[in-house]
Amino acid sequence: MKILYFAKLKQLLGKNEDCLTIKGEMTVKEVIEELKEINEKNKKAFLDIKNLQCAINCEYVTLDSKVTNHDELALFPPVTGG
């Protein structure tokens, strides 16, 4: 699956995308837990995910939504500023 990072996540991780292979279906939250296991940088970037916005194949979804290897997952931190 292709995972896209935006805004602060992109800055914290030092990249704008990742590729992850999963078995069957997983929730977005489970995918993020897998990403956190990769390294300390990922663990820190995804420390607080309660306000994280996510989209599967360009449609906004919740952290409980299911994804597969054929999907594109986009992760957006909360937007701030004015």
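Colleague: In what order do the five strands of the open sheet stand?

Modeller: In this predicted model, local features need pLDDT of at least 70 and side-chain atom pairs count only at pLDDT 80 or more, whereas totals for chains, interfaces and linings use all residues. Residues are numbered from 1 along each chain as its sequence is written, and side-chain values use heavy atoms, with hydrogens and water left out. Strands are DSSP runs of E with at least two residues and helices are runs of H or I with at least four, both numbered from the N terminus, while two strands pair if DSSP finds at least two bridges between them. The pairing is mixed, and the order in the open sheet is E2-E1-E7-E4-E5.

Colleague: Which strands stand at the edges of this sheet?

Modeller: An edge strand has a single partner strand here, so one side of it is left without a neighbour in the sheet. The two strands in that position are E2 (17–19) and E5 (59–61).

Colleague: What is the average twist from one strand to the next?

Modeller: Axes are lines fitted to C-alpha atoms, for helices over the stretch in contact, and angles run from 0 to 180 degrees between N-to-C directions. From one strand of the sheet to the next, the twist averages 25°.

Colleague: In which sense do E1 and E7 pair?

Modeller: On one flank, E1 joins E2 through three bridges in the antiparallel sense, with Ile3 opposite Asp18 of E2. Towards E7, Tyr5 stands opposite Leu75. Over four bridges, the sense in which E1 and E7 pair is parallel.

Colleague: What is the bridge partner of Ala55 in E7?

Modeller: Strand E4 (residues 53–56) is paired with strand E7 (residues 72–76) over four bridges, and the sense is antiparallel. Within E7, the residue that forms the bridge with Ala55 is Ala74.

Colleague: Which residue in the turn of the E4 and E5 hairpin has a positive phi?

Modeller: E4 and E5 run antiparallel and are joined by three bridges, and Cys54 stands opposite Val61 of E5. Two residues lie between these strands in the hairpin, and the turn residue whose phi is positive, at about 50°, is Asn57.

Colleague: With which residues is Val31 in contact, leaving aside neighbours within four places in sequence?

Modeller: Contact means heavy atoms within 4.5 Å. Once those sequence neighbours are set aside, the residues in contact with Val31 are Met1, Ile3, Leu20, Met26, Val67 and Leu73.

Colleague: Does Glu25 count as buried or exposed?

Modeller: Glu25 is in the loop between E2 and strand E3 (26–27), where, not counting residues up to four places away in sequence, Glu25 touches Lys66, Val67 and Thr68. Its relative accessibility is 53%, and therefore Glu25 counts as exposed.

Colleague: How far apart in space are Glu40 and Asn69, C-alpha to C-alpha?

Modeller: Glu40 lies in helix H3 (residues 40–45) and, at 49% relative accessibility, counts as partly exposed. Glu40 and Asn69 are 29 residues apart in sequence, and their C-alpha atoms are separated in space by 24 Å.

Colleague: What radius of gyration does the chain have?

Modeller: The radius of gyration is taken over C-alpha atoms, and the globule rule is 2.2 Å times the number of residues to the power 0.38. For 82 residues, a compact globule would have a value near 12 Å, which agrees with that of the chain, 12 Å.

Definitions and conventions:
Buried means under 20% relative accessible area, exposed over 50%, partly exposed in between (1.4 Å probe, protein chains only).
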